[in-house]
Amino acid sequence: MADEFELGSCTWQSRKAKNPRNYLIALLERIKIAKLTGATFPNFMDHINISSMFGMMDTSNTGTISFVQYTEVLKTLGLCTEDEVIEDDGSLITLEKFSSEVNKRTQKIWSAF
């Protein structure tokens, strides 16, 4: 439940919900429905949030971040474990790759509930 609240609060803060309690209840109901029906789980990390995170790491505005930044943010977000090995293919990470991986890993976590 703590993870749901954390991820839900990220979305709530970015959208400035007028009634956080009702927002969280609605969000949990959507999760329950998705689990029962096999529907897609709500996406808590929307494109605006992901782009903002990426922009904070891309301080030189090159459109890329380093592999170290990439793995650290995945760990910080709880989207990979400390001991998980993510293979570095030597390329810089683009917003598209970052966004895709965050969404994929978030879906994987939610599907376990």
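**Reading the chain**

Modeller: From the N terminus on, the elements of the chain run α-α-α-β-α-β-α, which comes to five helices and two strands. Helices (H or I, at least four residues) and strands (E, at least two) are DSSP runs, numbered from the N terminus. This is a predicted model, in which local features need pLDDT of at least 70 and side-chain atom pairs count only at pLDDT 80 or more, while totals for chains, interfaces and linings use all residues. Residues are numbered from 1 along each chain as its sequence is written, and side-chain values use heavy atoms, with hydrogens and water left out.

Biologist: What is the mean pLDDT of the chain?

Modeller: pLDDT is the predictor's confidence in each residue, from 0 to 100. The mean for the chain is 79, and 80% of its residues reach 70 or more. Over residues 1-14 the pLDDT is below 50. Beyond near neighbours in sequence, this stretch has 22 contacts (heavy atoms within 4.5 Å) in the model.

Biologist: Which residues of helix α3 are buried?

Modeller: Buried means under 20% relative accessible area, exposed over 50%, and partly exposed in between (1.4 Å probe, protein chains only). In α3, residues 47-57, the buried ones are Asn49, Ile50, Met53, Phe54 and Met57. Seen down the axis of α3, these residues fall within an arc of 130°, so they line one face of the helix; the arc is that of the directions from the helix axis to the C-beta atoms.

Biologist: Which residues are exposed on the other side of α3?

Modeller: Ile48 and Met56 are exposed there. Across the chain, 35% of the 113 residues count as buried.
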